Amino acid sequence: MCSPTGRAVGLEFVLPASGKGTSDCTDRWCWCDALFMAPPTMLRLAKATGDKRYADFVHEEWKATTAYLFDPSENLYFRDSRFFDMRDAKGRKLFWSRGNGWIMGGLVRVLQLLDRTDPQRPYYEKLFKDMAAKLVTLQKTDGYWPASLLDSDPGTPPESSGTAFFTYAFAWGVGNGLLDRDVYEPAAVRGWAALGRAIQPDGMLGWVQQVGDRPDSVSATETQFYGSGAYVLAGTAMYDLARKRGRY
């Protein structure tokens, strides 16, 4: 595979020996966050210009990234190749909540742009449903998802950015007939209620893990703009779902 600069680039995430900069593989979508950022934009370019090469590129590269980073035994994505063999202190695989949240959000945006008759659509629908089926089992009893998705320990702190993305995806999926209402609407409602409890007295959304590339510590006093953005996305999807149910 060639990068936009014409150089052959693989998907292995290797940092420079100097420790400065990032991996050459970021010329492609070799880290899971990229599936939120680039594909929806390129699909919009395809629609705006009528040039299907943008869409063809999206489908080819999304599938290449998925073949590399997606763990079919867990229906979750590793953040990048450095995490394939990493485990936590209890031997559990490391699947970053916000990283998988970026992907679920990206899947929503891709599905919003693909026509119902698009031959590529079933691929994304299946991936969306498979990930949702796993994620719904990982929601904690308090409505949050943990920073490390397989960390089911009772004392694990909440994390609101991943929770917001999953709430957004579940609510949108139910509202658009892709997810079973009886299973996923209650999960979305629990997630939305949890997010409400994360709002601090000054109006700040707390419990947002800071800038990073893996599960990390989090506290009530920490926030980031992408946590707030995901919260807004979740709110819009919950509102749309409620409106479809005749509640507004």
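Is Asp240 buried, partly exposed or exposed? Select Asp240 to begin: at 32% relative accessibility, Asp240 counts as partly exposed, because that category lies between the limits of 20% and 50%. Keep in mind throughout that this is a predicted model.

**Stop 1: helix 7**

Next, select Asp33, Arg79, Asp80, Arg82, Asp213 and Arg214 together. Salt bridges that share partners join these residues into one network.

**Stop 2**

How many salt bridges does the structure hold? There are 20 salt bridges in the structure. Side chains of opposite charge can pair when their charged atoms come close.

Select Lys93 and Asp71. Their side chains form a salt bridge of 2.7 Å, N to O. Lys93 is in the loop between strand 2 (76-77) and helix 3 (97-113), while Asp71 is in strand 1 (residues 70-71), so the pair ties together parts that are 22 residues apart in sequence. Both Lys93 and Asp71 are buried.

Now move to Arg92 and Asp151, whose side chains meet in a salt bridge of 3.5 Å, N to O. Arg92 lies in the loop between strand 2 and helix 3, and Asp151 in the loop between helix 4 (121-138) and helix 5 (160-175), so this pair ties together parts that are 59 residues apart in sequence. Arg92 and Asp151 are both buried.

**Stop 3: Ser161 in helix 5**

Select Ser161, which is found in helix 5. Ser161 has a relative accessible area of 0% and is therefore buried. A polar contact of 2.7 Å joins its side chain to the side chain of Glu159. To see what else surrounds Ser161, show Arg98, Trp207, Val208, Gly227 and Ala230; Ser161 touches these residues, when those up to four places away in sequence are not counted.

**Stop 4**

Most residues other than glycine have a negative phi, and most peptide bonds are trans.

From Ser161, go to Trp207, one of the residues that Ser161 touches. Trp207 is not a glycine, yet has a positive phi of about 60°. Trp207 is found in the loop between helix 6 (181-198) and helix 7, and is partly exposed at 22% relative accessibility.

Then select Asn75, in the loop between strand 1 and strand 2. The phi of Asn75 is near 55°, again positive in a residue other than glycine. Asn75 counts as partly exposed, with 22% relative accessibility.

**Stop 5: helix 1 against helix 2**

Select helix 1 (residues 34-49) and helix 2 (residues 53-69). How do these helices run relative to each other, roughly parallel or roughly antiparallel? The axes of helix 1 and helix 2 come within 8 Å and cross at roughly 160°, which makes the two helices roughly antiparallel. The crossing of helix 1 past helix 2 is left-handed. Show the side chains that make the contact, among them Leu35, Pro39 and Met42 of helix 1 and Tyr54, Phe57 and Trp62 of helix 2.

Finish at Thr49, another residue of helix 1 that takes part in this contact. Thr49 is partly exposed, with a relative accessible area of 47%. The side chain of Thr49 reaches the backbone nitrogen of Asp51 at 3.1 Å.

Note on methods: Residues are numbered from 1 along each chain as its sequence is written. This is a predicted model: local features need pLDDT of at least 70, side-chain atom pairs count only at pLDDT 80 or more; totals for chains, interfaces and linings use all residues. Side-chain values use heavy atoms; hydrogens and water are left out. Helices (H or I, at least four residues) and strands (E, at least two) are DSSP runs, numbered from the N terminus. Buried means under 20% relative accessible area, exposed over 50%, partly exposed in between (1.4 Å probe, protein chains only). A polar contact is a pair of N or O atoms within 3.5 Å; within protein, one must be able to donate a hydrogen and the other to accept it, and residues adjacent in sequence count only if both atoms are side-chain atoms. A salt bridge is a side-chain nitrogen of Lys or Arg within 4 Å of a carboxyl oxygen of Asp or Glu. Contact means heavy atoms within 4.5 Å. Axes are lines fitted to C-alpha atoms, for helices over the stretch in contact, and angles run from 0 to 180 degrees between N-to-C directions. Angles under 35 degrees count as roughly parallel, over 145 as roughly antiparallel, 65 to 115 as roughly perpendicular and the rest as oblique. A crossing is left-handed if the near helix is turned anticlockwise from the far one by less than a right angle, and right-handed if clockwise.
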